[in-house]
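I opened my notebook and the viewer side by side. These are my entries, in the order I looked things up.

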Amino acid sequence: MKKRVSSLGKCPACGDEIVARSGFYGCNGYKDGCSFTLSFNALASIGHPNITAAQMRALLKGAAKMEFKTANGVERIFSVELKEIDGKWRAWIDFDAGSELESLGECPLCGADVVESMLSFCCSKWREGCEFAIFKNSIKRFGGKMVTKQKAIELLKSGQTRVSIKGLNGSRRDVTLLLDEEFGCKVVF
Ligand SMILES: [Zn+2]
Ligand SMILES: [Zn+2]
């Protein structure tokens, strides 16, 4: 007996049903010449796990928000759409949306804009391999609070800022936070 494969949505090329096949999403209209396919791992090269059926449903409706992780663990969310480029359907990421993010300063490694992400203030050229990031929780282990946007701006501008941390005895004190190319920032005691 033939197993019925459930449709995830309409094919953007021909309007037929899109179904999950072995390792890729394909169009039922392939017999009529539709060439739409999208491999599960279409975004693997840029740090995204396999595209799930739920994400494919969202993509077929228009766009899906997807989370990406860079090599240094910075998480970014991008809007992904299906687009036909050079005759092939691809999961297209709106990188330009990233450039609309507010610039907080200049990346000390490459000079590009530093922008806010969920977990950090990171270089907007992270896709091109720049790994500069000031993690919001970088001073937590010293008893500090999350690094705020204002502090990140100060760090990028003048190379340092003052933050309050809580000592083991519970008393608070101010320490200097220095901009650091490798770690984003570091506390000076
Ligand atoms: Zn199709
Ligand atoms: Zn950079």
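**Entry 1: a run of strands.** I started with strand β12 (residues 160-166) and strand β13 (residues 172-180). They run antiparallel, and 7 bridges join them. I picked out one facing pair: K166 stands opposite R172 in β13. Then I checked the turn. The hairpin of β12 and β13 has 5 residues between the strands, and G170 takes a positive phi near 90° there.

I noted that this is a predicted model, so my entries describe a prediction.

Next I followed β13 onward. It is joined by 5 bridges to strand β14 (residues 184-188), again in an antiparallel run. Here L177 stands opposite V187 in β14. β13 and β14 form a hairpin too, with 3 residues between them.

Entry 2: I moved back along the chain to helix α3 (residues 149-158). Which residues of α3 are buried? I found A152, L155 and L156. Seen down the axis of α3, these buried residues fall within an arc of 90°, so they line one face of the helix. I recalled the general rule: an α-helix has 3.6 residues a turn, so residues three or four places apart point the same way. I then looked at the face of α3 turned away from the buried side. It carries the exposed residues Q150, K157 and S158. Just after α3 comes G159, with a positive phi of about 85°.

**Entry 3: the domains.** I looked up how the chain is divided. Domain 1 covers 9-97 and domain 2 covers 101-188. The C-alpha centres of domain 1 and domain 2 lie 34 Å apart.

**Entry 4: the zinc ion (ligand 2).** Which residues coordinate the zinc ion (ligand 2)? I listed C107, C110, C123 and C130, each through its SG atom, at 2.2 to 2.3 Å. The angles among the 4 donor atoms are 101 to 118°, and the site of this zinc ion (ligand 2) is tetrahedral. For four tetrahedral donors the ideal angle is 109.5 degrees. I wrote down the donor spacing of ligand 2 as C-x2-C-x12-C-x6-C. C107 lies in the loop between β8 (105-106) and β9 (113-116), and C130 lies in the loop between β10 (120-123) and β11 (133-135), so the pair ties together parts that are 23 residues apart in sequence. Are C107 and C130 buried or exposed? I found both C107 and C130 buried.

Entry 5: I traced an open sheet of 4 strands in the order β8-β9-β10-β11, with antiparallel pairing. β8 and β11 are the edge strands, and each pairs on one side only. β9 and β10 pair over 3 bridges.

**Entry 6: the zinc ion (ligand 1).** I turned to the zinc ion (ligand 1). Its donors are the SG atoms of C11, C14, C27 and C34, at 2.2 to 2.4 Å. The site is tetrahedral, with angles of 98 to 113°. Along the chain, the donors of ligand 1 follow the spacing C-x2-C-x12-C-x6-C. C14 sits in the loop between β1 (9-10) and β2 (17-20), and C34 in the loop between β3 (24-27) and β4 (37-39), so this pair ties together parts that are 20 residues apart in sequence. I checked accessibility last. C14 has 43% relative accessibility and counts as partly exposed. C34, at 13%, counts as buried.

Terms used
Residues are numbered from 1 along each chain as its sequence is written. Chains are lettered from A and ligands numbered from 1 in the order in which they are written. This is a predicted model: local features need pLDDT of at least 70, side-chain atom pairs count only at pLDDT 80 or more; totals for chains, interfaces and linings use all residues. Side-chain values use heavy atoms; hydrogens and water are left out. Donors are N, O and S atoms within 2.8 Å of the metal (3.2 Å for Na, K and Ca); water is not among the atoms, so sites may look incomplete. Four donors count as tetrahedral if all angles lie between 85 and 135 degrees; four count as square planar and six as octahedral if opposite donors are over 155 degrees apart and all others between 65 and 115; anything else is irregular. Helices (H or I, at least four residues) and strands (E, at least two) are DSSP runs, numbered from the N terminus. Buried means under 20% relative accessible area, exposed over 50%, partly exposed in between (1.4 Å probe, protein chains only). Domain bounds come from an automatic or database domain assignment. The arc is that of the directions from the helix axis to the C-beta atoms. Two strands pair if DSSP finds at least two bridges between them.
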